[in-house]
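Here is a briefing on one protein model. Look through the structure first, then read the notes below it.

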Amino acid sequence: VARLVLVLGDQLTPSLSALAEADPSTDVVVMAEVLGEASYVPHHPKKIALIFAAMRKFAQRLRSEGWRVDYTVFDDPDTTGTIEGELMRRASDHAAHEILATEPGEWRLISILEDMQIPVQMLPDTRFLASHKRFEDWAEGRKQLRMEYFYREMRRETGLLMDGKDPAGGKWNFDHDNRKPAPDAITFDGPIRFEPDGTVQQVLDLVAQQFPDNFGDLDDFWFATDATQAQQQLDHFIKDGLAQFGDFQDAMLLEHRFLYHGLISFYMNIGLLDPLQVCKAAEAAYRAGSAPINAVEGFIRQILGWREYIRGIYFLQGPEYTNSNGLEHHRDLPALYWGGETKMQCLSKAVEQTRAEAYAHHIQRLMVTGNFALLAGIDPAQVHEWYLAVYADAFEWVEAPNTIGMSQFADGGIVASKPYVSSGSYINKMSNYCKTCHYSVSQKTGEGACPFNLLYWDFLMRHKERFEGNPRMGQMYRVWDKMEAGRKETVLAEAAMFLENLDAGRTV
Ligand code: FAD
Ligand code: DLZ
Ligand code: SF4
């Protein structure tokens, strides 16, 4: 009797646990492009296209390897429109009474599978370096879940960048050498732009027709849509970008959307690249002398450390995590996040490139769009839905702890030990945005003052009780204390005026 094997749009890995458990001679793979998954947030059209195109190619690959794949295209006239509906339909076609699945990366889908009429055998997702049990064991009994300590254990366990018992280069973390301001010239050309083939073009036509109103441009689609192409992008980055990754990982430039970033999160997240192989490729570059330790350690830390840690937090915290609102922020997400006009150059550019590419790099997400949302007191659930919608690499297990936790501090400090807030000076230091901005970053108050400068103090004052005692923030409260009373009043009044304009939908 056939069993069904569910393969989701972000599970496109030949060694997927559900496939490994199944028998190609009797079991049937179920893959489905469905409205349910394509509309739980208004995904960027490029994200939908990436997933559908990669799903179609993965199904072809499975078929060529001897699997029977029952594949639902989005416009199938008989579609039920949901994963559970399609599983039931296929179960009745094949008289199947068992489903094999690999645990989805979202509580919503896990609970749907758990509630199915047909028994679902949910297998662990083994495409990660730390299992749930491994992370739980690490977290057990700790007062604070600091990524750095988890990362060191992962280094020891995997042997990545280890010289015997010691970390390669003599230190666990080389961040001290990283994070330089933007350079004048960029020598890495970013993503390989894969020309759409027949399959991709069909998907692009479909997405254009079915999702005409979603935020985001579909034209100029360059993503890799199979494992071979994804590997080419990785090789390209390791060869030409990695060496400078560390130095400029926090830099932002008007003219360069990609700088020295890997552009591989989407591929790892949907299963086209294996994170351990990515780390090994980076380590090989270090061992061969083609990339320095500060770059390679920094890069491996993002994947072996942050990516695994973030996933651990998502599953440790449970389904309610996305409702966290520890700072009680309730302002609606302003229209500028969806491309509404703004005079703030940094936000305008970050949103513009997000609309064009379904990509922004970490510091744009954290210190521009995230920082502004946090300073302005935006409802973290709305911020979370925005990030989940607009980035091609966004799946809840990785997006939510980054947004709710790291960026919005809404989880009360599980992921971040202090809120990632800054005035305009940080953005000015790391980018060239301010040079051509309507606002003046050096101006603290008055007509034309950078809004980040006002909102920064407003945030600190709103949450004085909570943060004044934080050792890493106390110094900023001392600066405020020393400020002249009249000036304090002006700052807070101007911040209030700015927020009033924002709420009223005026262009700010
Ligand atoms: P690089 O800069 O080249 O970094 C290499 C790899 O490290 C990335 O591909 C990624 O897999 C990993 N990585 C780096 N930082 C993180 C992190 N904080 N968490 C997890 N992995 C990390 N990343 C996602 O994959 N999906 C998301 O939905 C997502 N949402 C985010 C939301 C916010 C508010 C913030 C601040 C960060 C978010 N990130 C997310 C993390 C990070 O911004 C992206 O992983 C990175 O920008 C992807 O681009 P890249 O491949 O060029 O990365
Ligand atoms: C994101 C996404 C989209 C847009 N569409 C589909 C789809 O049609 N079919 C599918 O199987 N998966 C899709 N996905 C990915 C799922 O939403 C993802 O598996 C869950 O969010 C869990 O990470
Ligand atoms: Fe952003 Fe302020 Fe700089 Fe303008 S001046 S780009 S608003 S930080």
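Two strands pair if DSSP finds at least two bridges between them. Helices (H or I, at least four residues) and strands (E, at least two) are DSSP runs, numbered from the N terminus. With those terms in hand, leucine 4 stands opposite valine 28 in strand 2.

This is a predicted model, in which local features need pLDDT of at least 70, side-chain atom pairs count only at pLDDT 80 or more, and totals for chains, interfaces and linings use all residues. Residues are numbered from 1 along each chain as its sequence is written, while chains are lettered from A and ligands numbered from 1 in the order in which they are written.

**Overall build**

- The protein contains 22 helices and seven strands.
- Its radius of gyration (taken over C-alpha atoms) is 23 Å, which agrees with the value near 23 Å for a compact globule of 508 residues. The globule rule is 2.2 Å times the number of residues to the power 0.38.
- Along the principal axes, the C-alpha atoms fill a box of roughly 80 × 55 × 45 Å.
- Of the 508 residues, 48% are buried. A residue is buried if 20 or more other C-beta atoms lie within 10 Å of its own, exposed if 12 or fewer, and partly exposed in between, with C-beta atoms placed from the backbone.
- Two residues are in contact if their C-beta atoms, placed from the backbone, lie within 7 Å. Among contacts with a separation of 6 or more, 74% join residues 24 or more positions apart.

**Strands 1 to 3**

- Strand 1 (residues 4–6) pairs with strand 2 in the parallel sense over three bridges.
- Strand 2 also pairs with strand 3 (residues 68–72) in the parallel sense, here over five bridges.
- Valine 28 has arginine 68 as its bridge partner in strand 3.
- Strand 2 (residues 28–32) is mostly covered, with four of its five residues buried.

**Domains**

- The protein is divided into domain 1 (4–123), domain 2 (132–190 + 241–317) and domain 3 (335–503). These bounds come from an automatic or database domain assignment.
- The centres of domain 2 and domain 3, taken over C-alpha atoms, are separated by 25 Å.
- Where the two meet, 19 residues of domain 2 are in contact with 22 residues of domain 3.
- On the domain 2 side, helix 11 (265–270) and helix 13 (293–317) are the elements that give two or more residues. The largest share, five residues, comes from helix 13.
- That side of domain 2 has twelve nonpolar, three polar and four charged residues. Ala, Val, Leu, Ile, Met, Phe, Trp, Tyr, Cys and Pro count as nonpolar, Asp, Glu, Lys and Arg as charged, and the others, Gly among them, as polar.

**Around ligand 1**

- A residue is near a molecule or strand if its C-beta atom, placed from the backbone, lies within 6 Å of it. Around ligand 1 there are 28 residues, of which His261, Gly262, Ser265, Gln302 and Glu399 come nearest.
- Domain 2 and domain 3 each give at least three residues to this shell.
- Helix 11, helix 13, helix 15 (362–376) and helix 17 (396–407) each supply at least two residues.
- The shell around ligand 1 divides into 13 nonpolar, eleven polar and four charged residues.

**Around ligand 3**

- Which residues come nearest to ligand 3? They are Cys346, Gly424, Cys434, Cys437 and Cys450, out of 14 residues around the ligand.
- Helix 14, helix 18 (424–430) and helix 19 (451–462) each supply at least two residues of the shell around ligand 3. Helix 18 gives the most, with three residues.
- The shell around ligand 3 has eleven nonpolar, three polar and no charged residues.

- Leucine 336 is found in the loop between helix 13 and helix 14 (345–357). Leucine 336 counts as buried because 20 other C-beta atoms lie within 10 Å.
- Not counting residues up to four places away in sequence, leucine 336 touches Thr342, Leu347 and Val351.
- Most residues other than glycine have a negative phi. Leucine 263, however, has a positive phi near 60°.
- Leucine 263 is in the loop between helix 10 (242–245) and helix 11, and is buried, with 25 other C-beta atoms within 10 Å.
- Alanine 358 also has a positive phi, of about 60°, although it is not a glycine. Alanine 358 lies in the loop between helix 14 and helix 15 and is buried, with 28 other C-beta atoms within 10 Å.
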